[in-house]
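Student: Could you give me a close look at one residue and its surroundings, and then carry on to a sheet? I'd like to follow along on screen.

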Amino acid sequence: MPRPSPSSAEPGPDIVLRPVDGAPLDAAIVRSLVATPSGFAVLGVGSANGPATFTLLGSSDGRRWSRVATGPSGPAFSFLAGGPLGWIASSSEANGTVDATALWFSTDGVAWDRVADGSGPALADLSNSETNPLSAGSVGFAIVGQLTEAGNSVNATWVSRDGRTWAEATALHGRNTDRVLPLPEGFLAFAGGCCAGPGTALFSADGQTWRDLTTDPGSPFDANTGQSLIAAVGSSLVVLRSGDGGAIETFSGDTAQGAGRAGIAWRHEASTDAAFDGAGLSIVTGAKGGALALGFDRTTLAPLAWTSADGAEWHRTALDVNLFGGGVPGLAATSGDDGASFVAIADRSNNAGDVRPQLWRSDDGNAWLDPAGDALGALPAGASVPCPTSRPTEVEEFLAIDPPLWPVCFGDAAIRVRGFIAECECGGITSEQGMPSWLIDPLGFSAFYLSGPIVSAATGPGGFGVKIDPAHSVTVPPPRTHVELTGHFDDPAAATCRVVPLAGAFGPVAPMAQTVALCRRAFVVTQVRRLP
């Protein structure tokens, strides 16, 4: 069923967020959201005025949260994970001209001890690696990272049974691995693939001997697939993959009774594929009590939720378009054995395009509430600098104004701005699409750029970005041509701006208010006049 209006908040006494020093958080980004034996944990990075990092520990239902001291009074963590055997975390420390990785262990997620450098033959390599998200489960711990070999970055994976003694999984050295998922009977190394190739999955009971699951009968990982998402519901694996034409297909497989070592009997749950028709996916998460997938309707862009008790049968729910700040979360976690509770983190935005992460929780995956409110940081009020008393005419004058003020100060009135056509090697590959594509680019590029006579380090080679409406096309002169552009900010099409994953690709959706704000500040040219 649709989620109640976001104004329907839970009673205040049910929500507890205990600060360390009474100072509110101002989170810049959340790096980790993980399920723990007692509930959930959040690791985030503060803004310039906040703590270097912070950790929140949540109850099993996500209603009550406590803040744990890190940053100035503890290690500045990069990632963390917690499981039945304890907690692990990584931090980055300066070591000469490079950043080295330090490992930490905790029994409760509150008090941390640094893992000694001599704890295992692999730790010397691990300490010189760049680490990614960590994993913790009933069989141990895992870290995915990169080593530098002969000047190149090489993927590497490390595993530990106790969080203190580590060994590299040499069979995975150099293999593409996104993360390691601890299962009741071993480890699952997984790479979700992307738009040009299938994902991969390998199983190990001990972290050293690995077996390729992609060759098992009915495997969801084959040459005809695109990106995949994977989660564990107890001993069952859930795989949601992008099939032909971007259609989403669902698979499940059981790793119990040694199936991970001997061979998984994969099942294509074809009867439930229809639940994902016309949808895009952001994330899937699971625990013993159930699984959750979050995504969006590709026609309306409204958020969607899918829940499953066993990873085989899925139920779809349309959510309120304003839920999750008008986007779709990129982080979610599931906790619980007998039933599942869910927590997600999504960005919300003000009209200037500033964002802050926000906690959301649900008892069933269908009805969502934001119990912590501004716990991770209140949205700024927006730009408040006065507008210029006279309208600028040179590109340097526009660049001296905070871009969020451009549509505020000038509206959609016709504006003339002089400068030089800039050289720009603009391009790249992304798994997202902007709509309308001429007004917003997922990589942030413009059709062309305008700069002053001297390109400063502050503005860089891009300078002042200019968009071209195909309905009013213009001819762009070659670089270094002196021109006067006529155009406007706050184009009417800005109200429809969105950035979403391409068909066949999975990922979060940014808040609509953020993409609209970016499009409102875009300068749309209607005329180009050459100057001497």
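Tutor: Happy to! Contact here means heavy atoms within 4.5 Å. This is a predicted model, in which local features need pLDDT of at least 70 and side-chain atom pairs count only at pLDDT 80 or more, while totals for chains, interfaces and linings use all residues. Residues are numbered from 1 along each chain as its sequence is written, and side-chain values use heavy atoms, leaving out hydrogens and water.

Let's begin with Thr-214, found in the loop that runs between strand 17 (211–212) and strand 18 (228–233); strands are DSSP runs of E, at least two residues long, numbered from the N terminus. Leaving aside residues up to four places away in sequence, Thr-214 touches Gly-199, Thr-200 and Ala-201, along with Ser-219 and Phe-221. The Thr-214 side chain also makes a polar contact of 2.6 Å with the side chain of Asp-212 (N or O atoms within 3.5 Å, one able to donate a hydrogen and the other to accept it; residues adjacent in sequence count only through side-chain atoms).

An open sheet holds 4 strands in the order 22-23-24-25, paired antiparallel, where pairing takes at least two DSSP bridges. At its edges lie strand 22 (279–287) and strand 25 (315–318), each pairing on one side only. Neighbouring strands in this sheet are turned by 20° against each other on average, direction ignored; the axes are lines fitted to C-alpha atoms, with angles from 0 to 180 degrees between N-to-C directions. Strand 25 pairs with strand 24 (residues 303–308) over 4 bridges in the antiparallel sense, and here Thr-307 stands opposite His-315 of strand 25.
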